[in-house]
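Look at the model below before reading on. The report takes a few of its parts in turn.

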Amino acid sequence: MILLDKLTKGYSPKDEVLAGLTTALALVPEVVAFALLAHVSPLVGIGSAFIICLITSILGGRPGMISGAAGSVAVVIVSLVQQHGVEYLFAAVALMGLIQIGVGLLRLGKFIRLVPQSVVFGFVNGLAIIIFMAQLEQFKTEDASGATHWLTGGALWLMLGLVLLTMAIVYFLPKLTKAVPSSLVAILVVSAMVIFGNLPTKSVGDIASISGGLPLPHLPSIPFTWDTLALVFPYSVIMALVGLTESLLTLTVVDELTDTRGRGNKDCVAQGLANVASGLTGGMGGCAMIGQTMVNIESRGRHRLSGIVAAVALALFVLVGSSLIERLPLAALVGVMFMVVIGTFEWASLRIIGRMPLTDVVVMALVTLVTAVSQNLALAVLIGVVISALAFAWENALRIRARKHLDEQGRKHYEIFGPLFFGSVVAFNEKFDPAGDPQEVIIDFRESRVTDLSAIEALNKLTERYAKLGKTLHLRHLSPDCRRLLTNAQALIDVNYWEDPTYKVVADTAE
């Protein structure tokens, strides 16, 4: 697969390696923080990130996308770890992976296409806010009693100064040269200033130690019973949905940035395999991480090699480079992530608010708010999709109309325009006048479609209304799919088809 990537246009091994190193440095504080959030060891977070990043980079459907132990998944598992322990977490993660593999094999990843653009904007903006809020934790410190306080005085100004310096390097260096990723240069320059200048500021080591070994195979120490399955299954389902939602939407964002197209179902399978491997090596669950993915993309990492290098670098940090990595100033990494926030937020969505339909504006704002507040990405996207679907149904319900005329034989024709479905049946029924209509009435569906059970029931009741008056109702120009739907529902409805040169009853019956 790496060989295939090399054959693609614009492949640069140097860019890929440097992008991978930059991404690995940005991954460390994030996965450590998410591990602590989930009440597991920081090494569990880094080990999980190594495995998930490596497997998805090799097998995933979106080269250049970075996956790891994500905060959106960590939020879900807090209660499981606190109430039942980490062994149950490992089992839940492995089951989460199996569910994701099933989604990919069933080719359900394509349903991400049903997510409206307003929901994508809200999702991206919400994640940008989450990334920003997560960085603010680095501006806090613990006192002797373990209580946290905001930095003050010289420590705060030094932190702010180093963050701003990092952001300035990231912004201005590409205007001078693009030979190396500006984020990597910024981290190295600010780190050198802090280390050699003995500047008193927070470092990675102040969060937790990252020294240790690589993850090893580990079968969860739990009873394999139906009760255990019932306990972990709800967590696994939620983690799987949250992980796939973030991964597939991140894939969509990367597609737009790189003007290429990833393979959603393939990525579902890869994410699942990665989580199964993580669960069976004592790790936490994960998915695509949009912040680190943006770091990789902005550092010109476009192919699988950048993700593989990031994963290998994480392993080397743990095995041989922990003492050096722990000395890196958090200000440099925070500065890089602040630039990621600026690049991730869809500023264009603010400029087009006055030009967008009100429904889209509401959906975008609501998804942003739910994402930022609850950090439940699956819930936020689901709410956005449901509201968008309801708004679409309402708009289409208002569009149904009927054109009426009498032919030479005295039959009345109703030409229907617009879909007939649950939202439009009331307006549809109001178009007819059974008492005032002649003996034969024809409903022409050339420009309409019968789409659901509500529509079938509406036709059934309309037929009954005409039948009680001794009148005959014919349906004409039904498309094959509508005819098939009505045929399947013939136990519920009895209607007369009007034979015409376009669709023959005999031919339809023979299908």
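Predicted model: local features only at pLDDT ≥ 70, side-chain atom pairs only at ≥ 80, totals over all residues.

Helix α10 covers residues 264–279. Most of α10 is covered, with 12 of its 16 residues buried. Among the buried ones are G264, N265, D267, C268, A270 and Q271. The list also includes G272, A274, N275, V276, S278 and G279.

How far apart should the end C-alpha atoms of α10 be? At 1.5 Å a residue, its 16 residues should span 22 Å, and the end C-alpha atoms are 22 Å apart, so the two values agree. An α-helix has 3.6 residues a turn, so residues three or four places apart point the same way.

## Cysteines

How many disulfides does the structure hold? The count is 0. C268 takes part in no disulfide, and the nearest cysteine sulfur to it belongs to C287, 12 Å away. C287 is likewise in no disulfide, and its nearest cysteine sulfur is that of C268, at 12 Å.

C268 counts as buried because its relative accessibility is 1%. C287 counts as buried because its relative accessibility is 0%.

## G301, in a loop

G301 is found in the loop between α11 (290–298) and α12. Is G301 buried or exposed? With a relative accessibility of 0%, G301 counts as buried.

Leaving aside neighbours within four places in sequence, G301 is in contact with E16, A19, G64, N296 and S306. G301 and I51 are 250 residues apart in sequence, and their C-alpha atoms are 19 Å apart in space.

## A380, in a helix

A380 has its place in helix α17, which covers residues 377–397. Its relative accessible area is 0%, so A380 is buried. Not counting residues up to four places away in sequence, A380 touches V367, V370 and T371. A380 and T260 are 120 residues apart along the chain, and 26 Å separates their C-alpha atoms.

Which residues make the nonpolar surface patch? The patch is made by L214, V312, L316, L319 and V320, and its area is about 430 Å². L319 lies in helix α12, residues 304–319. At 44% relative accessibility, L319 counts as partly exposed, because that value falls between the 20% and 50% cut-offs.

## The whole chain

The chain has 21 helices and 9 strands. Its C-alpha trace spans about 100 × 55 × 50 Å along the principal axes. Of the 511 residues in the chain, 53% are buried.

The accessible surface of the chain is about 23400 Å², and 64% of this belongs to carbon and sulfur atoms. Among contacts in the chain with a separation of 6 or more, 81% are between residues 24 or more positions apart.

How values were computed:
Residues numbered from 1 in each chain as written. Heavy atoms only, no water. Patch = residues over 30% accessible without salt bridge, like charges linked within 9 Å, V, L, I, M, F, W, Y side chains within 5 Å. Areas by Shrake-Rupley, 256 points an atom, 1.4 Å probe, with all protein chains shown as cover. Salt bridge = Lys/Arg side-chain N within 4 Å of Asp/Glu carboxyl O. Helix = DSSP H or I, 4+ residues; strand = E, 2+ residues; numbered from the N terminus. Buried < 20%, exposed > 50% of the residue type's maximum accessible area, 1.4 Å probe, protein only. Disulfide = S-S within 2.5 Å. Contact = heavy atoms within 4.5 Å. Expected span 1.5 Å × (residues − 1).
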